[in-house]
Amino acid sequence: MPPANKPDGPEKAWADLMRAGLAGDAAAYRLLLEAIAPRLRKFAGNGLSRIGNADIEDVVQEILLAIHLKRQTWMQDQPFLPWLNAIARHKLIDVMRRKGRRGEVPIEGFIEILPDEAPAPETSHSELNKLVSRLDSRQRSVVSSISLDGHSIKDTATKLGMSEGAVRVAFHRGLKKLAELYRTGRSA
Amino acid sequence: MKTDDLIASLAADAPAQRPLRRLFAAAAILGALVACLLFLVTLGPRPDIHQAVHTVRFDFKFVVTIVLAVTAFFVMRDMARPEVTQSRLRPLLWVAPVLLVLAVAAELMAVPQDQWMPRLIGHNMRFCTTMIPLFALAPLALLLWVLRRAAPQSPTRAGAIAGLIAGGIGAAFYAAHCFDDSPLFVAAWYTLAIGMVTGLGALLGSRLLRW
C-alpha cells in the first residue's frame, strides 16, 4: 500500500502508480485501485447516505470500472487527484440521477475524505453480477471466468478453447459493455 | 462480485496505453487524408490553381479554414479530459471568426458596393454547402471514434468541437476547387456549411459520447 497520509496527500504516490499502470505494470495498477477503493466507498456513502451498503458497493464498482476504462484520459503531466475526483463525481452524479435521488454530491472531492477503514462488505447480491448475465454468451463466459471465478487470462483461454488474444479482446469489450449497461440499463 | 475480485480482474485488462493525444492526432491526420482522397476523386483543384495561389483572396480561404481546424483541435483535446470544466484554450476559437470578420471588412472597403451582393451570392453556394459537409464526414467520424475513449464533461459540446475541426478540414479542401474567393462568400456559405457539420457533431456527440 502506498503511503497515503503525507501532507500533500496521496497525489505523488498515486500518480506514480498510475504512470506505471499506464505503461503496462499490472501490479502497480492493482495497488492503485486497491488504495482508491476505500475512499470511493466513503465518498459514495456520503453521497448516498440513505441507501444500504450493498448499493454503495455497487457504486464503488461502477466508479472503478469508469476509472479503468477512462484511464487513458489522464495526462501524465497533469495532477492525478483532480482527474480522479472528476471521474468519481461524474459517476456519482450519474447514479443519483438514475435513482431519482435528490441527494447532494459532496462538494469536497473524495480525496479530502479519509478512507473508510471498514473492510469491503460482503455483497450477496451485486448489480455487476446481474449485468454480467446480460452480456452476450462469449463475453459472459470470459468475464465470469476472470472477474467472478478469478481465473487468469491464460486459464480462461485454455478452458474456453480460445486464444489468449481473443480472451483479452472479449474481456475488454465485455468490461466496456458492462459500463454501458450500468449507465443505460438501470433506470428501473 | 466482491470489489477486490473486480480490481484483480481490471488489473488483468491493463496493457500499456497509448496516449490519447496521439490517437487524436492520428484521427485528424487520417481524416484529412480520406477527405483529400475524396476531394481528388470527386472535384480536384480548380484548373487555374497556379495563378490562384498568387491571389490573396484565394489564399485567405486556406488560412481561415486551417486556423479553425487547428484551434478547434487543441480545444477538443483539452475537453476530452474529465477534470476540464471549461477549457482555458476556448478563447482560441475566436481567432478564425475574427480573421474572417477582418477579411470581410477589408473586402467591403476594397470592392464597390454594387459588387457586394454578386460576390456574396457567388456561383456555387449549393454545391459548397453540399461538398464541405461531405468532405467533413470522415474526419468527423474518426474524431468521434477517438472521443468515445475520452471523458468529456459535455458530450454535446465535445461533439460540436469535433464538428468544427471536421468542417474546417472539409472546407479547406473544397476551397481548392471553389471559384468563389471573396471573403463575403466564405463568410456566408462556408460558415453555413461548417455550421451544419458542427450541428451534426453536437447531435452525434450527445448520443455517442456519454460515459
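Helices (H or I, at least four residues) and strands (E, at least two) are DSSP runs, numbered from the N terminus. The model is predicted, so local features need pLDDT of at least 70 and side-chain atom pairs pLDDT 80 or more, while totals for chains, interfaces and linings use all residues. Residues are numbered from 1 along each chain as its sequence is written, chains are lettered from A and ligands numbered from 1 in the order in which they are written, and side-chain values use heavy atoms, without hydrogens and water.

Chain B holds nine helices and zero strands. Of its 211 residues, 50% are buried (under 20% relative accessible area; exposed is over 50%, partly exposed in between; 1.4 Å probe, protein chains only). Contacts are heavy atoms within 4.5 Å. Among those in chain B between residues at least 6 apart in sequence, 85% join residues at least 24 apart.

B:I66 lies in helix 4 of chain B. B:I66 counts as partly exposed because its relative accessibility is 44%. A nonpolar surface patch comprises B:I66, B:V70, B:F74, B:L89, B:L92 and B:V95. Patch residues have over 30% relative accessible area and no salt bridge; like charges are joined within 9 Å, nonpolar side chains (Val, Leu, Ile, Met, Phe, Trp, Tyr) within 5 Å. A salt bridge places a side-chain nitrogen of Lys or Arg within 4 Å of a carboxyl oxygen of Asp or Glu. Helix 4 (residues 56-79) of chain B gives the most to the patch, with three residues.

In chain A, buried residues of helix 6 (residues 137-148) include A:Q139, A:V142 and A:I146. Their cover includes helix 1 (3-11) of chain B. A:G150, with a positive phi near 75 degrees, follows helix 6 of chain A.

Note on methods: Areas by Shrake-Rupley, 256 points an atom, 1.4 Å probe, with all protein chains shown as cover.
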